[in-house]
2 protein chains.
Amino acid sequence: MNISIKDIARHCNLNPSTVSRALNNKYGVKPETKKRVMDAARELGYVPSLSARELVKQEGNLIGIIIPESDAEAQPAFFAMLPYINKKLSAYGMETIIYAFDPYRYINGELNKLIQKRRLRGCIIMPGFMKEHKIYEDIRDLNTPSVVMEVTVQSELCSSIHTDEVYGAYQATKHLISNGHSRIGFINGPEYIQICEERREGFEKALHESGILIKSHDIIYSDFSGNGGGAAVLSLLDQAPDLTAVFCANDLMAMGAVSTLAEHGYCIPRDLSIVGFDGMFIGAYYNPPLTTVQNDDVKLGLQAAESLIRIIEEKHTSQEWIKPELIIRKSVQNILS
Amino acid sequence: MNISIKDIARHCNLNPSTVSRALNNKYGVKPETKKRVMDAARELGYVPSLSARELVKQEGNLIGIIIPESDAEAQPAFFAMLPYINKKLSAYGMETIIYAFDPYRYINGELNKLIQKRRLRGCIIMPGFMKEHKIYEDIRDLNTPSVVMEVTVQSELCSSIHTDEVYGAYQATKHLISNGHSRIGFINGPEYIQICEERREGFEKALHESGILIKSHDIIYSDFSGNGGGAAVLSLLDQAPDLTAVFCANDLMAMGAVSTLAEHGYCIPRDLSIVGFDGMFIGAYYNPPLTTVQNDDVKLGLQAAESLIRIIEEKHTSQEWIKPELIIRKSVQNILS
DNA sequence: CTGTTAGCGCTTTCAG
DNA sequence: CTGAAAGCGCTAACAG
């Protein structure tokens, strides 16, 4: 029913293998017969069967995108990157297939099974798994090209792409300091996530450099959610009422903080300066527009795709760090003078 | 190198076909041999090759998710639904593969080619294509199950899921009216998008019902973007300074409006009431928390997946309308009294 | 330059 | 209940 290579062969009085060669631009096919084949293919509406090709070549053009299962709210980065990954990959003839793993039910070997059953050409592991998650062990033993985001995995066929979190947090904190703030709070995300550690490191580094002492109650851990940020800023301010600025480890918590603060009669940035992290596009339309550290999701996504291609084509792995950029908007007040 | 059904057969002294039957729970396989096969499969680490299965069955378990190519900012709905679609589908043993089409370069037949080359089991067309886009013609002639979102396509194997936009816009406008507003502006999205027409219809319906006259300059068309919303609200207010409320056809424009208005010294909702549409989760953390019409993306996504399954399994198509819900937060002021 | 042949891994008759 | 054999659509090795 679906027209196949045989139909073309019959139609052109050729052997299927010749048709195959013609279709795939292989060596030595008379230009004329090639044209005949191409024309017939078009005319008959031939569409190659990828499963057949995959079967015989034992390898396809599918790239698995692996994400932790959760709702959209929790993974802005994934969605920001996906279109770019998808596009770049398709420029190399690859297609993407998305798999969501429940991080709490993951069992070792699952990833590998997935790869085998679809004969995946490679995979990209999105951020969001805990830093010591089992999946990273599996990746170490993979003999399939892979790119891991935000986590470093040492292995033959695995590259990783990171945001330079320390740098980003450092920039944010420096910005606060240079605007006259010295009593700065920090609302961090869950401790068991790698990037949280790094963002904290950057925060502390900036403070140390400026000789500002960090009191332990200036730092609070929350859950990266809007509500979490709102609750956190309140208890932070309760513990340390003299804070003039708060650095939030993501934009969502920053917005949650601003929003609850506003309901409590605060005016941002007049009463408290806020800076976020992530650079969600919506921050530009926030009230006030949110000063934040913007991950370069476009670059991150593109780089992930390119790194994967490099492993596939040249077996060349690498570790890249992409620097995020401080975007100064209106949520920080200059309190010098 | 990859272990196959033959290896199991050899290992168990069986014929590959028996192994196949055992593995697939087919009729008549002695429970004992079945167990032997299962054990061997586990022991040898057998992983079935989907391409082989697809090839012989001429059908796989892949569902194509079709989106218009653009960056994440432009398609919050897609991302909100994706996790639910993905999960529901995988509960039925289906996997999802994402294809982004450039809406301006789409040529007729492309979708069908895609389906053929991967022998897709079905596909879901996400919102975002223009209402008269060629892709919808192609869907009409498809002999593959499909579900279309936000657009109605009449066809044998095609269901569609809609948000009841008219209802949503009606609710929003009613809410404004019941809070005492009668001079209400409307910032709509691009005219060539189907949902914009419907949202406008709901808006006008509510106004008519309450005997409120609509002046033509109370309605302005923008582009669904944050910046667009900001610019639109300014010129709207310029044309009609007596407006006390503005209904925006999406949250992004609503936020853009609030944000630029704030920079111009307005205080929302004191000086102007705003209601959005979409129910982006971030609206809850907006300043002020945004009153909006919330699309039930969870239900929408789940429904899309279920409808597709129903076509696949029972050839049963349907047209569903999902009612969005007015979420009352803090961006509307009651001006009665 | 083109045809022949074999086989990728699996399912599905059809026999036994 | 199990085996034998054919074939899905394609590619690759080897002849010619």
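Predicted model: local features only at pLDDT ≥ 70, side-chain atom pairs only at ≥ 80, totals over all residues.
Let's start with the big picture. Two copies of a chain are related by a rotation about an axis and a shift along it.

The size of an interface is often given as the accessible area lost when the parts come together. For chain A and chain B, that comes to about 4,900 Å², with 57% of it on carbon and sulfur atoms. In chain A, the residues that lose the most area to chain B are R118(A), Y285(A) and N287(A), which together make up 14% of what that side buries.

Hold on to N287(A), since it turns up again in the backbone. Most residues other than glycine have a negative phi, and most peptide bonds are trans. The bond leading from N287(A) to P288(A), though, is cis, with omega near 0 degrees. If you want to find P288(A), look in the loop that runs between β9 (273-278) and β10 (291-294) of chain A. Now hop over to chain B: the peptide bond from N287(B) to P288(B) is cis too, again with omega near 0 degrees. P288(B) sits in the loop between β9 (273-278) and β10 (292-294) of that chain.

Chain B has another backbone feature to look at. Q58(B) is not a glycine, yet its phi is positive, at about 60 degrees. You'll find Q58(B) in the loop between α4 (50-57) and β1 (62-68) of chain B.

Next, the helices. Two packed helices are described by the angle between their axes and the distance between the axes. In chain A, take helix α10 (residues 226-239) and helix α11 (residues 251-263): they pack at an angle of about 60 degrees, and their axes are 6 Å apart. Angles between 35 and 65 degrees count as oblique, so α10(A) and α11(A) are oblique to each other. Their crossing is right-handed. Which residues of the two helices meet? From α10(A) come G226(A), G229(A), G230(A), V233(A), L234(A) and L237(A), and they meet L252(A), M253(A), G256(A), A257(A), T260(A) and L261(A) of α11(A). Sorted by class, this contact has seven nonpolar residues, five polar ones and no charged ones.

Chain B has its own α10 and α11, with axes that come within 6 Å and cross at roughly 60 degrees. That crossing is right-handed as well.

For a contrast in angle, go to helix α2 (residues 16-23) and helix α3 (residues 31-44) of chain B, where the axes come within 9 Å and cross at roughly 90 degrees. The helices α2(B) and α3(B) are therefore roughly perpendicular to each other. V19(B), A22(B) and L23(B) of α2(B) meet K34(B), V37(B), M38(B) and A41(B) of α3(B). This contact is made of six nonpolar residues, no polar ones and one charged one.

Definitions and conventions:
Residues numbered from 1 in each chain as written. Chains lettered and ligands numbered in written order. Heavy atoms only, no water. Axes fitted to C-alpha atoms, helices over the stretch in contact; angles between N-to-C directions. Helix = DSSP H or I, 4+ residues; strand = E, 2+ residues; numbered from the N terminus. Parallel < 35°, antiparallel > 145°, perpendicular 65-115°, else oblique. Left-handed = near helix turned anticlockwise from the far one by under 90°. Contact = heavy atoms within 4.5 Å. Nonpolar A, V, L, I, M, F, W, Y, C, P; charged D, E, K, R; others polar. Buried area = accessible area lost by both parts, 1.4 Å probe.
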